[in-house]
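Please walk me through this model. Begin with confidence, then take the sheet, the helices and the cores.

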Amino acid sequence: MEVNIIEEQKSHKLAAVFADKSAAINAEKTLLKEGEFTADSINIIRPEDDTLSKKIEPESTGIYQTLIKSHLWLGLAGIATGVILAGFLISVGPLYFQASPITTVLALAFFGMLAGMMLAGVVSIRPDHDFMINQTTEASQKRHWTLIVHVKNRDALSRAKDLLQHRALSLSETL
């Protein structure tokens, strides 16, 4: 059984900063023509853009579903890991664990669930997006244009990066 806890359809992103509008539009045309990307996978952020956050993270429903699903599955995985560890400690561990098996199982299952939920928080928050978001916000404030490419996999991300790296002032990508 395979469980996918990331529910965003296009979870990889590349941000390319350009000095002006024409450079950003030319880069978009290059992606559409040479990179075979679709128009719905590309967003251009103009200076002081009011819709900047929506253009960077357009899949708010997918992010919400990732939040719920990751906490559910990783919390359950943490509980299972805690129970397995408790079973091991009860069978071969110190006498303390053997003397109170129910307490051992409950305690390790609880702490396993907490660890799983904390990991789910990291998955949901997506700290790999921070640098890209900060760079895009700063570029917008500096009156630069940013092109955001949303893709499904690392291959497409790499293809976009290859097409844009010599055209853009700077690039940043997510994992």
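Helix 2 (residues 52-56) has the lowest mean pLDDT among the elements of the chain, at 88. Helix 5 (residues 101-125) has the highest, at 95. Here pLDDT is the predictor's confidence in each residue, from 0 to 100. Helices (H or I, at least four residues) and strands (E, at least two) are DSSP runs, numbered from the N terminus. Over the whole chain the average pLDDT is 91, and 98% of the residues score at least 70. Where pLDDT is low, the predicted coordinates should not be read in detail.

This is a predicted model, in which local features need pLDDT of at least 70 and side-chain atom pairs count only at pLDDT 80 or more, while totals for chains, interfaces and linings use all residues. Residues are numbered from 1 along each chain as its sequence is written, and side-chain values use heavy atoms, with hydrogens and water left out.

Four strands build an open sheet in the order 2-3-1-4, with antiparallel pairing. Strand 2 (42-45) and strand 4 (170-173) are the edges; each has a single partner strand, so one side of each lacks a neighbour in the sheet. From one strand to the next, the twist averages 15°. Two strands pair if DSSP finds at least two bridges between them. Strand 2 and strand 3 (residues 145-151) are joined by four bridges in the antiparallel sense. In this region isoleucine 44 stands opposite leucine 147 of strand 3.

Which helix packs on the sheet and touches strand 1, strand 3 and strand 4? That is helix 7 (residues 154-164), whose direction makes about 10° with that of strand 1. Helix 6 (residues 130-141) lies across strand 1 (12-18), strand 2, strand 3 and strand 4. Helix 6 runs at about 25° to strand 1. Axes are lines fitted to C-alpha atoms, for helices over the stretch in contact; angles run from 0 to 180 degrees between N-to-C directions. Contact means heavy atoms within 4.5 Å.

Next, the interior. A nonpolar core is a set of buried Ala, Val, Leu, Ile, Met, Phe, Trp, Tyr and Cys residues joined through side-chain atoms within 4.5 Å. The largest one has 19 residues. Phe18, Leu31, Phe37, Leu147, Val149 and Leu164 have the most contacts inside it. Strand 1, helix 1, strand 2, strand 3 and helix 7 each give two or more residues to this core. Helix 7 gives the most, with five residues.

Take two of its members. Leucine 164 touches residues including Leu14, Phe18, Leu31, Val149 and Leu171, leaving aside those up to four places away in sequence. Apart from this core lies another, of six residues, among them Ala15, Ile45, Met132 and Ile148. Leucine 31 belongs to helix 1 (residues 21-33). Is leucine 31 buried or exposed? Leucine 31 is buried, at a relative accessible area of 0%; buried means under 20%, exposed over 50%, partly exposed in between (1.4 Å probe, protein chains only). Beyond four places in sequence, the contacts of leucine 31 include Glu36, Ile42, Ala160 and Leu163. Leucine 31 and alanine 160 are 129 residues apart along the chain, yet their C-alpha atoms are separated by 6.9 Å.

Finally, two loop residues. Glutamate 48 lies between strand 2 and helix 2. Glutamate 48 is not a glycine, but has a positive phi of about 55°. Its relative accessible area is 47%, so glutamate 48 is partly exposed. Arginine 143 sits in the loop between helix 6 and strand 3. Phi of arginine 143 is positive too, near 70°. With 53% relative accessibility, arginine 143 counts as exposed.
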